[in-house]
Amino acid sequence: MSEIKQHTHFDFTEMSARDRYKLLIGTVIPRPIALITTFSADGKANAGPFSFFNVLTHDPAIVAIGVENYSDLRFKDTARNIRETGEFTVHICDDAMVRQMEICAIKFGPDVDELKEAGLTTVPGQHVRSPRILNAPAALECKRYMTLEVGKAREIILGEVVGLFVRSDAVNDRLHVDQHKMDAIGRLGGHSYTRTRDQFEIKTQTVEEWEAAKQQASGPQKNPKPQ
């Protein structure tokens with residue numbers, strides 16, 4: 001059994017938004033990274049990475065992205081484009097494209113094509129207009145399901161996945177995805193990232209398996225003495 005250590009308590013009701021942010025990104029780890037492509041209403045491509053991201057349900061297939069607003073409350077290009085077009089594509093980032101993903105994080109103006117700056121190869125989307133990045137091991141084409149305005153800092157955008165592309169050598173005919181071939185990266189606190197190459201498996205037991213294991217661990221049961 002692991003050693004139980006002392007914990008430090010932080011009262012979020014007494015803290016600034018910035019301090020809450022630092023604690024959250026340092027403890028909710030690793031976070032998957034969504035490299036999102038969109039088109040503006042006038043047809044300009046945009047790409048940006050977001051680590052406030054995850055899948056929420058499979059029926060319907062819904063992903064959630066937290067997109068931070070500018071300090072003056074203006075929408076970032078990604079949020080504005082999704083509002084205008086209702087479409088976006090989420091790409092899973094692998095280790096090979098981490099530098100290109102970081103170029104897409106640079107705060108370029110709306111007239112700059114981040115995909116071109118990063119040297120990423122794209123093709124037109126199939127279910128949506130957003131470009132699909134061929135460098136990524138997987139791409140989820142999404143339609144906006146709803147947008148939640150939960151505060152001034154961010155918008156929570158829910159997207160319904162209407163199409164999925166997975167690199168062919170990373171998925172088999174039973175729909176099992178090879179996690180090693182995906183080679184995905186995750187976000188930690190500060191400027192840190194992690195790779196997903198150190199993996200292990202644990203199968204969740206049934207109640208019967210758990211009870212049997214407990215009985216085996218406690219040793220053979222002695223027969224009670226006859227009265």
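Buried is used here for residues under 20% relative accessible area, with exposed for those over 50% and partly exposed for those in between (1.4 Å probe, protein chains only). The structure is a predicted model, in which local features need pLDDT of at least 70 and side-chain atom pairs count only at pLDDT 80 or more, while totals for chains, interfaces and linings use all residues. Residues are numbered from 1 along each chain as its sequence is written, and side-chain values use heavy atoms, leaving out hydrogens and water.

Helices (H or I, at least four residues) and strands (E, at least two) are DSSP runs, numbered from the N terminus. Helix H2 covers residues 77-85, and Asp 77, Thr 78, Ala 79, Asn 81 and Ile 82 are buried within it. These buried residues pack against six elements: strand S2 (34-39), strand S3 (45-50), strand S5 (61-68), strand S6 (87-92), strand S9 (138-149) and strand S10 (154-166); contact here means heavy atoms within 4.5 Å. Gly 86, which comes just after H2, adopts a positive phi of about 75°.

Two of the strands that H2 packs against, S6 and S9, are also joined to each other by six bridges and run antiparallel. Strands are taken to pair if DSSP finds at least two bridges between them. Ile 92 has Ala 138 of S9 as its bridge partner. Strand S9 in turn pairs with S10 over 11 bridges, again in the antiparallel sense, and Ala 139 stands opposite Phe 165 in S10. S9 and S10 make a hairpin, with four residues between them.

Elsewhere, three strands form an open antiparallel sheet in the order S1-S11-S12. Strand S1 (31-32) and strand S12 (193-195) are at its edges with a single partner strand each, so one side of each lacks a neighbour in the sheet. Strand S11 (residues 185-187) is linked to S12 by three bridges, the two running antiparallel. Ile 185 faces Arg 195 in S12.

The cysteines complete the picture. With a disulfide defined as a pair of cysteine sulfur atoms within 2.5 Å, the structure holds zero disulfides. For Cys 104, the closest cysteine sulfur belongs to Cys 93 and lies 8.3 Å away, too far for a bond. Cys 142 is likewise in no disulfide, and the nearest cysteine sulfur, again that of Cys 93, is 14 Å away. Cys 104 is buried, with a relative accessible area of 4%, and Cys 142 is buried too, with a value of 0%.
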